[in-house]
Amino acid sequence: MSGVQTIRVGADEAEQRIDRWLKKRFPQLTQGAVEKWCRTGQLRVDGGRVRANTRIEAGQEIRVPPLPEGDAPAPAAKPRVKQSDAEMIQSCVLWRDEHVIALNKPPGLPSQGGSGQGDRHVDGLTAALMFGYKDRPKLVHRLDKDTSGVLLLARTDRIARALSEAFRHRLTRKIYWAAVAGVPHPRMGSIKYGLVKAPGRGRGGEGEKMMAVHPSAIATTEGAKRAHTDYAVLDALGGRVSWVAMVPVTGRTHQLRAHMAEIGHPIVGDGKYGGSGQENLGDGWGAQLGGEISRKLHLHARMIRFEHPITKKLITVTAPLPDHMSRTWKTLGWSENDVPEDPFAETA
């Protein structure tokens, strides 16, 4: 075993996940070893504990515990993707050039793997999205497993860093569509409740739930982070259900789902935040619309707009609704063509 090392992150190494940074530097490390270091607090960044997916910043000091001895393992073979999965993920491509790929992620497909997630996830299928490049494209943001819609991948490390920086500094614009219980009042507004993780955590983070914190209590609530969502009601069926567009000004875990539930209008089909049962609200009847409508999450990343890292052109990518939401829209008499692409544009 070699001794403890302290390594400063270089400017060209920023915005990487710490587990990937470690395995590039020390090929003998396994993912399991990195996660054990995180669990036991042996791996530290600027003296603080981290998780395997923590992103590092230039200038940070990383405490690396003693490394296991032995030669580096042989390079892993490129993961093989079943033909049916390759065809599926390729059919999800909405737009691509030599730098960026935009997918319409289907509901039910995780963005990344983790405990209990299995091997079938977007990150695990990227070998089918190389399109002649030698390296697999890289995720630069995520969507919840049951959320559908636009997901960006970078085709090189350089582009991944540039897009990650744009997300971090809120230079991209994302608009989500959802069906929610009841009709929010006012019909356009902002939600600024903070969010904090509820006690307990499921395998791979899937059991996580966020709790809303009143803005006045964020500073005194341990672990709470400020969160900001803008919303606009696009259409409604009486007082029972409405079509809402949302912009996540910040990007917290489960932000849109937790925020809509907190104001009494949970997203239809959201079992975690009350959108599947009669106990939650809207106008008192709950989000129970019957049949398939209540069983599947009605949250979709409809549009993303970003400045291309190379050409500097403004790129807009729009994703059609998934099948279950299309059927709901048809049932409720809503049409995608009847609403503006960006309902916030006049007030933005």
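## Packing of helices 1 and 2

In this predicted model, helix 1 (residues 18-25) packs against helix 2 (residues 31-40) at an angle of about 125°, and their axes lie 10 Å apart. Helices here are DSSP runs of H or I with at least four residues, and strands are runs of E with at least two, numbered from the N terminus. Axes are lines fitted to C-alpha atoms, for helices over the stretch in contact, with angles from 0 to 180 degrees between N-to-C directions. The crossing of the two helices is right-handed (the near helix is turned clockwise from the far one by less than a right angle).

## The second largest pocket

The second largest pocket holds about 200 Å³ of space. A pocket is an open set of points on a 1 Å grid over the protein atoms alone, where a 1.4 Å probe fits, with protein on both sides within 12 Å along at least five of seven lines; lining residues have an atom within 4 Å of a point. Among its 13 lining residues, Ala 162, Ala 166, Glu 307, Pro 309 and Lys 312 are the closest to the centre.

Helix 4 (157-168) gives the largest share of this lining, five residues, and strand 15 (299-307) supplies at least two. Because domain 2 (83-169) and domain 3 (174-277 + 284-332) both contribute lining residues, the pocket lies between them; the domain bounds come from an automatic or database assignment.

## Backbone features in two loops

His 185 and Pro 186 are joined by a cis peptide bond, with omega about 0°. Pro 186 is in the loop between strand 9 (173-181) and strand 10 (188-191).

His 254, although not a glycine, has a positive phi of about 55°. This residue is in the loop between strand 14 (241-248) and helix 5 (255-262).

## Basis of the values

Residues are numbered from 1 along each chain as its sequence is written, and side-chain values use heavy atoms, without hydrogens and water. Local features need pLDDT of at least 70 and side-chain atom pairs count only at pLDDT 80 or more, whereas totals for chains, interfaces and linings use all residues.

Notes
Grid points are joined across faces, edges and corners, and a volume is the space filled by probe spheres set on the points.
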